[in-house]
Amino acid sequence: MSEYDLPAFIDDARRIALAGAEPADCVLDIAPLMQKLLMGDRSFLEARHFRADPDHYARNAIHLADDGGPSLYALVWTPGQWTPVHDHGTWGVVGIVEGVLEERNHIRTDHAADVDRGIVLARGGVILLAEGTVTTFVPNPDHIHKTGVPESRARAVSLHLYGRAMNSFHVYDVDAGTRRLIDVPHNES
Ligand SMILES: [Fe+2]
């Protein structure tokens with residue numbers, strides 16, 4: 001059962017995603033594959049994938065595609081590091097390698113015609129993602145959340161497969177009711 005490795009996972013994810021499946025079907029099909037990858041031999045994770053950054057959570061690229069295929073990153077969360085409230089504009093499959101990653105959800109409750117203004121967010125639930133857990137999300141409506149690790153917990157490391165190259169996302173200003181697109185950096189090699 002430990003035969004399933006990174007190249008097989010990438011091949012399967014690309015085949016599913018590039019076949020043009022609906023986002024909800026992509027995550028339905030890929031979630032168990034992410035779990036299989038986590039349960040197997042993790043030697044595909046190299047020291048560079050565990051790089052942390054003292055200033056913010058670190059995004060270490062594992063697989064980047066320039067043909068519209070999915071991208072895979074290892075994210076390293078030092079205690080006290082959080083994303084802003086954000087969405088991704090695509091689907092995603094997340095698997096936890098180490099530690100407990102916390103996700104705090106927000107629900108958009110307005111019906112504003114302008115997608116970037118007049119945003120009213122209600123605080124939603126929280127989920128604690130432990131090692132081996134797989135979670136997914138789809139866009140439209142956007143999955144709006146912040147993710148991180150409180151100061152009181154140990155470092156977390158997670159794998160994130162996205163339906164596109166994840167080099168930008170929307171960041172929400174909850175109080176102002178606005179959102180804007182920002183570039184998000186990653187370590188490439
Ligand atoms: Fe996210």
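This is a predicted model: local features need pLDDT of at least 70, side-chain atom pairs count only at pLDDT 80 or more; totals for chains, interfaces and linings use all residues.
**Notebook: a loop, a helix and a sheet**

My cut-offs: a residue is buried if 20 or more other C-beta atoms lie within 10 Å of its own, exposed if 12 or fewer, and partly exposed in between, with C-beta atoms placed from the backbone. Residues are numbered from 1 along each chain as its sequence is written.

**The loop**

I looked up where Asn140 sits, and it is in the loop between β7 and β8. Helices (H or I, at least four residues) and strands (E, at least two) are DSSP runs, numbered from the N terminus. Asn140 is not a glycine, yet I found a positive phi of about 55° for it. Then I checked the peptide bond from Asn140 to Pro141, and it is cis, with omega near 5°. Pro141 belongs to the loop between β7 and β8 (144-148) too.

**The whole chain**

Next I stepped back and counted 2 helices and 11 strands in the protein chain. Reading from the N terminus, I get α-α-β-β-β-β-β-β-β-β-β-β-β. The radius of gyration is 16 Å, close to the 16 Å that the globule rule gives for 189 residues, so the chain is as compact as a globular protein of that length. (The radius is taken over C-alpha atoms, and the rule is 2.2 Å times the number of residues to the power 0.38.) The C-alpha trace spans about 50 × 40 × 30 Å along its principal axes. Buried residues make up 30% of the 189 residues. Of the contacts with a separation of 6 or more, 76% are between residues 24 or more positions apart; two residues are in contact if their C-beta atoms, placed from the backbone, lie within 7 Å.

**Helix α1**

I turned to α1 (residues 6-18), which has 13 residues. From its first C-alpha to its last it reaches 18 Å, close to the 18 Å expected at 1.5 Å a residue; the expected span is 1.5 Å times one less than the number of residues. Which residues of α1 are buried? They are Phe9, Ile10, Ala13 and Ala17. Seen down the axis of α1, these buried residues fall within an arc of 95°, so they line one face of the helix. (The arc is that of the directions from the helix axis to the C-beta atoms.) On the face turned away from the buried side I noted the exposed residues Pro7, Asp11 and Arg15. The cover over the buried residues of α1 includes α2 (23-39), β1 (58-63), β2 (71-77) and β9 (156-162). Just after α1, I saw that Gly20 takes a positive phi of about 85°.

**The sheet**

Now the open sheet: it has 5 strands in the order β1-β2-β9-β4-β7, with antiparallel pairing. Two strands pair if DSSP finds at least two bridges between them. β1 and β7 (134-137) stand at the edges with a single partner strand each, so one side of each has no neighbour in the sheet. On average, neighbouring strands are turned by 25° against each other, direction ignored. I also found α2 packing on the sheet, touching β4, β7 and β9, with its direction at about 15° to that of β4. Axes are lines fitted to C-alpha atoms, for helices over the stretch in contact, and angles run from 0 to 180 degrees between N-to-C directions.

**Last look: Ile107**

Ile107 lies in strand β5 (residues 100-108). Is Ile107 buried or partly exposed? It counts as partly exposed, because it has 15 C-beta neighbours inside 10 Å. Leaving out residues up to four places away in sequence, Ile107 touches Leu121, Ala122 and Gly124. Arg123 is 16 residues from Ile107 along the chain, and I noted 6.4 Å between their C-alpha atoms.
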